[in-house]
Amino acid sequence: MAHRRPFVAGNWKLNLGPREARALAEALAERLTEERSVDMAVFPVSISVPATVMALAGSGIEVGGQDAYAANQGAFTGAVSAPMFREAGCTRILVGHSERRSVFGDSNAIVRTKLEAALAAGLLPILCIGETLDERDAGRAFSVVTEQLQAGLGGLPADQVAAITLAYEPVWAIGTGRTASPAQAQEMHAAIRAWVAANFPAFVAEDLRIQYGGSVKPDNAAELLSQPDIDGALVGGASLDADSFARIVEAAASVHG
Ligand code: PGA
């Protein structure tokens, strides 16, 4: 576990226009200047990407897009493509976030096309997976997550899979204040890594980072991040405040340091 560098990402969702995004980015850059042991990224809305990229230049904090359409260009009103995020200074992209799946109807098949478009554009994807409460209660959590993994990663070349970060986000824990217990999260993370080990060369499963997401806060981060298969966090609500995001990054640094 020790060799996987922790990775903490902030998903700003539909918050913070360019002015507010720049202010938060500047506060993060100032607060996290000394942080060198954790990979960090923030995901603003598309329209705030340029302001965020500018404010974070030289800070070591990367910027990513929240969703990129599968086609690179054409008659797709309202969409933004992966090469455009790349051109604007993004290095990463979220793919298959549960809100994309449930609100915007991104099926496993659509998620796969978006993942491939992101990889082709040279963006590093964070592929989000996770079960709903109904699915967990019905004892289907592992099978739902396995289906998402198979649809997202099945048949991809090993070196491409190695470039991907997974984020396990149980849907019932997102924005609800209800986190998976560290044991529940670790159990699923270990199962995810076992699936990767069964489908790809050993180095992929060993190197692949799996973030936990769902109501991660400064006061629960250390306990979650100390689990052997939890390599970082995808943070929503708590990433909108510079101090709380920084404290989660610091928790990752101290647990893995
Ligand atoms: P939350 O969101 O931290 O607000 O629960 C996490 C996410 O959706 O990525």
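1. Thr165 is buried in this predicted model, with a relative accessible area of 2%. The residue sits in strand 6, which covers residues 165-168. Leaving aside residues up to four places away in sequence, Thr165 touches Phe7, Arg92, Pro125, Ile126, Leu127, Arg209 and Gln211.

2. Gly237 belongs to the loop that joins strand 8 (232-235) to helix 12 (242-256). Between the C-alpha atoms of Gly237 and Ala158 there are 33 Å, the two residues being 79 apart along the chain.

3. On the cysteines, a search of the whole structure gives zero disulfides. Cys90 takes part in none, and the nearest cysteine sulfur to it, that of Cys128, is 15 Å away. Seen from Cys128, the closest cysteine sulfur is that of Cys90, and 15 Å is too far for a bond, because a disulfide needs the two sulfur atoms within 2.5 Å. Cys90 counts as buried, at 1% relative accessibility. Cys128 also has a relative accessibility of 1% and counts as buried.

4. Turning to the fold as a whole, the chain contains twelve helices and eight strands. Its radius of gyration is 17 Å, close to the 18 Å that the globule rule gives for 257 residues, so the chain is as compact as a globular protein of that length. Along the principal axes, the C-alpha atoms fill a box of roughly 45 × 45 × 35 Å.

5. How much of the chain is buried? Buried residues are 53% of the 257. As for contacts in the chain with a separation of 6 or more, 73% of them are between residues 24 or more positions apart. The contacts of Thr165 can be read alongside that figure: among them are Phe7 and Arg92.

6. The chain exposes about 10,700 Å², of which carbon and sulfur atoms supply 54%. There are 20 positive and 29 negative side chains in the chain. The centres of these two sets lie 2 Å apart.

Methods:
Residues are numbered from 1 along each chain as its sequence is written. This is a predicted model: local features need pLDDT of at least 70, side-chain atom pairs count only at pLDDT 80 or more; totals for chains, interfaces and linings use all residues. Side-chain values use heavy atoms; hydrogens and water are left out. Helices (H or I, at least four residues) and strands (E, at least two) are DSSP runs, numbered from the N terminus. The radius of gyration is taken over C-alpha atoms; the globule rule is 2.2 Å times the number of residues to the power 0.38. Buried means under 20% relative accessible area, exposed over 50%, partly exposed in between (1.4 Å probe, protein chains only). Contact means heavy atoms within 4.5 Å. Accessible areas come from the Shrake-Rupley method with a 1.4 Å probe; for residues, only the protein chains shown count as cover. Lys and Arg count as positive and Asp and Glu as negative; His and the chain ends are not counted. The place of a charge is taken as NZ of Lys, CZ of Arg, CG of Asp or CD of Glu.
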